[in-house]
Structures are given as structure tokens and as C-alpha cells.
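This briefing goes through one structure by topic. The sequence and the coordinates come next, and the notes follow them.

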Amino acid sequence: MFKVFLPIFALFFLAIGCSHVPDKGINNTWFAPELTQSEFGDDESHNAGKNCMTCHVKGGDREAAKEGVWSIGGTVYQTGTTKVLPGSTLELFTGPNGTGNKVISLPVDDKGNVYTNKNISFGTGLFPVVTGPTGKKAAMMTSIGNGACNSCHNNGTPKITVEK
Ligand code: HEC
Ligand code: HEC
């Protein structure tokens, strides 16, 4: 009985895995998790300003990790205000101030958050550049070895800000 059931179950989850239903962790061992990241206009995220990686990490909050283990997670604000700035873009470069190679470009969602579960190799360090909705730029001059932006920003270091 069990021997017959198991393959049927596997097929059932295979079918689910191939449809548009996002990976919910239950079939983690069978499928690579699908790409989950912020998009312009999305409002699914939450906890703006908090360090996403206290929860969205392996061994963090179980439910959070099921939704996504982030390699990058942060929040972007409008300079001089406490308002988030949707429509901004985060890029990571191998060199300071937008030099070297661009490793990733990510949209900031309607909650001001930017996140992805894409595997990013930080190597010897990557340099963030944030561009506001009208093209104004803000660059971090030192490099980062991980993408937990709000582990520093809004937490001892000022918020990430860019001009509207
Ligand atoms: C205190 C723990 C915690 C922190 C901090 C946290 N999250 Fe979450 N997150 C969760 C949990 C738990 C869930 C799953 C339940 C839910 O959707 O609320 C979740 C779900 C999500 C989802 C999926 C929601 C959906 O409906 O599909 C996104 C996207 C997300 N978090 C983004 C973020 C971002 C970005 C940050 C940082 C700015 C962050 N989270 C910070 C706990 C957290
Ligand atoms: C280890 C702590 C740390 C982490 C992690 C970190 N930052 Fe920073 N960030 C700083 C410090 C300190 C400064 C000011 C000095 C500088 O520019 O190097 C800064 C400055 C900045 C600036 C320029 C000032 C501003 O707010 O406009 C931007 C933009 C920025 N960071 C974006 C990011 C983004 C995006 C991430 C995540 C991908 C990130 N940072 C991760 C510490 C950090």
C-alpha cells in the first residue's frame, strides 16, 4: 500500500511544483525554491525598517523561511523624511559608486522593501547603489559581505535614504 502511495504522492507534488503555486517548503527537498523577490507595485512584504534576516533565514522563523530565505533584504526611505520610497531600485556592484560589474538590480516594492532569495555571491564585498524613482542616486562607499541591509541601517546606522 505505502509503496504504491509514495510515487503517487510524488507525482502529485511534482504537478503542484510545476504549476505557479509558490514553493511553500513542504516540497523543499524535491524542488529548488522558485525565485521570490520584490517587484514594483507589490505590497506583500511587511516590517519596513526591520532586519528581515532575523526571521527570513535558515534556522530563523519557520513560517518566514518557508516564504523565502532572503540573500538581500532592506528598506529604502525618502531623504529627510520617515517615508519609504517605492519605485526606487537597488543595485549591487563589484566596485564603489557604480563601478565594476553590476551583480544584481532589484526593484523596491510599495512598502519600501527590497528583497530576493536569489543566490548572491558577495565575494570580497559588494557596493550598494540606490536610485530613486526620478533617477537620483545614493551610493554606499564601503562594501558589504551580506545583504541584511537593516541589520545596520535603521539600527545604529541611519536609514537607507535617497532623494525623490
Ligand atoms: C519578526 C519576523 C519577521 C521579520 C523581521 C520579517 N518577516 Fe517577512 N515574514 C515573516 C513571517 C512569519 C512570514 C509568513 C507569514 C506571513 O505572511 O505573515 C513572512 C512573510 C513574508 C513575505 C511573504 C508574504 C506573502 O504574503 O507572500 C514577504 C515578501 C516578506 N515576509 C518580506 C519581508 C521583508 C522584506 C522583511 C524585512 C523588511 C521581512 N519580511 C521581515 C516574518 C518576518
Ligand atoms: C555592515 C553594516 C551595513 C550593511 C549590512 C549595509 N550598510 Fe549601507 N551603509 C552603512 C554605513 C556605515 C554607511 C555610511 C558609510 C558608507 O557609505 O560606507 C552606509 C551607507 C549607505 C548608503 C549611502 C547613504 C544613504 O543612505 O543614502 C546607501 C544607499 C546604503 N548604505 C545602502 C545599503 C543597502 C541597499 C544595503 C543592503 C544591500 C546596505 N546598505 C547594507 C552600513 C551598512
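**Ligand sites, core and backbone**

A polar side-chain atom of histidine 56 sits 2.8 Å from a nitrogen atom of ligand 1. The model is predicted. Its protein chain holds two helices and eight strands, and buried residues make up 37% of its 164 residues.

**Ligand 1**

- The shell around ligand 1 has 18 residues, of which His46, Asn47, Cys52, Cys55 and His56 come nearest.
- Histidine 46 has a polar side-chain atom 2.8 Å from a nitrogen atom of ligand 1, and for histidine 56 the distance from a polar side-chain atom to a ligand nitrogen atom is 2.8 Å.
- In asparagine 47, an N or O atom of the side chain lies 3.4 Å from a nitrogen atom of ligand 1.
- Helix H2 (62-67) and strand E4 (113-116) each give at least two residues to this shell.
- The largest share comes from H2, with three residues.
- Sorted by class, the shell around ligand 1 contains five nonpolar, eight polar and five charged residues.

**Ligand 2**

- Around ligand 2 there are 17 residues, and the closest are Met140, Cys149, Cys152, His153 and Thr161.
- Histidine 153 places a polar side-chain atom 2.8 Å from a nitrogen atom of ligand 2.
- Threonine 142 has a side-chain N or O atom 2.6 Å from an oxygen atom of ligand 2.
- Methionine 141 takes part through its backbone, where an N or O atom lies 3.0 Å from an oxygen atom of ligand 2.
- Strand E5 (127-131), strand E6 (137-139) and strand E8 (160-162) each contribute at least two residues to the shell around ligand 2.
- By class, this shell divides into twelve nonpolar residues, four polar residues and one charged residue.

**Fold and nonpolar cores**

- Read from the N terminus, the order of elements in the protein chain is α-α-β-β-β-β-β-β-β-β.
- Among contacts in the protein chain with a separation of 6 or more, 60% join residues 24 or more positions apart.
- The largest nonpolar core has 17 residues, and Ile72, Val76, Leu92 and Phe122 have the most contacts inside it.
- Two or more residues of this core come from each of strand E1 (72-78), strand E2 (89-93), strand E3 (102-107) and E8.
- In soluble globular proteins, nonpolar side chains tend to be buried together.
- Which residues does valine 76 contact, leaving aside its neighbours within four places in sequence? They are Val84, Leu85, Ser88, Val108, Gly112, Val130, Ile160 and Val162.

**Aromatic pair**

- How many aromatic pairs does a search of the whole structure find? The search returns one.
- The pair is formed by tryptophan 70 and tyrosine 115, whose ring centres are 4.7 Å apart and whose planes meet at 35°, so the pair is tilted.
- Tryptophan 70 belongs to the loop between H2 and E1 and tyrosine 115 to strand E4, so that the pair links distant parts of the chain, 45 residues apart.
- Tryptophan 70 has a relative accessible area of 11% and is therefore buried, the cut-off being under 20%.
- Tyrosine 115, with a relative accessible area of 5%, is also buried.

**Backbone angles**

- Most residues other than glycine have a negative phi.
- Asparagine 97 has a positive phi, near 55°, and is found in the loop between E2 and E3.
- Is asparagine 97 buried or exposed? Asparagine 97 is exposed, because its relative accessible area is 51% and the cut-off for exposed is over 50%.
- Asparagine 154 also has a positive phi, near 65°, and lies in the loop between strand E7 (147-148) and E8.
- With 35% relative accessibility, asparagine 154 counts as partly exposed.

Definitions and conventions
Residues are numbered from 1 along each chain as its sequence is written. Chains are lettered from A and ligands numbered from 1 in the order in which they are written. This is a predicted model: local features need pLDDT of at least 70, side-chain atom pairs count only at pLDDT 80 or more; totals for chains, interfaces and linings use all residues. Side-chain values use heavy atoms; hydrogens and water are left out. A residue is near a molecule or strand if one of its heavy atoms lies within 4 Å of it. A polar contact is a pair of N or O atoms within 3.5 Å; within protein, one must be able to donate a hydrogen and the other to accept it, and residues adjacent in sequence count only if both atoms are side-chain atoms. Helices (H or I, at least four residues) and strands (E, at least two) are DSSP runs, numbered from the N terminus. Ala, Val, Leu, Ile, Met, Phe, Trp, Tyr, Cys and Pro count as nonpolar, Asp, Glu, Lys and Arg as charged, and the others, Gly among them, as polar. A nonpolar core is a set of buried Ala, Val, Leu, Ile, Met, Phe, Trp, Tyr and Cys residues joined through side-chain atoms within 4.5 Å. Buried means under 20% relative accessible area, exposed over 50%, partly exposed in between (1.4 Å probe, protein chains only). Contact means heavy atoms within 4.5 Å. Rings of Phe, Tyr and Trp (its six-membered ring) pair if their centres lie within 6.5 Å; planes under 30 degrees apart count as stacked, over 60 as edge-to-face and the rest as tilted.
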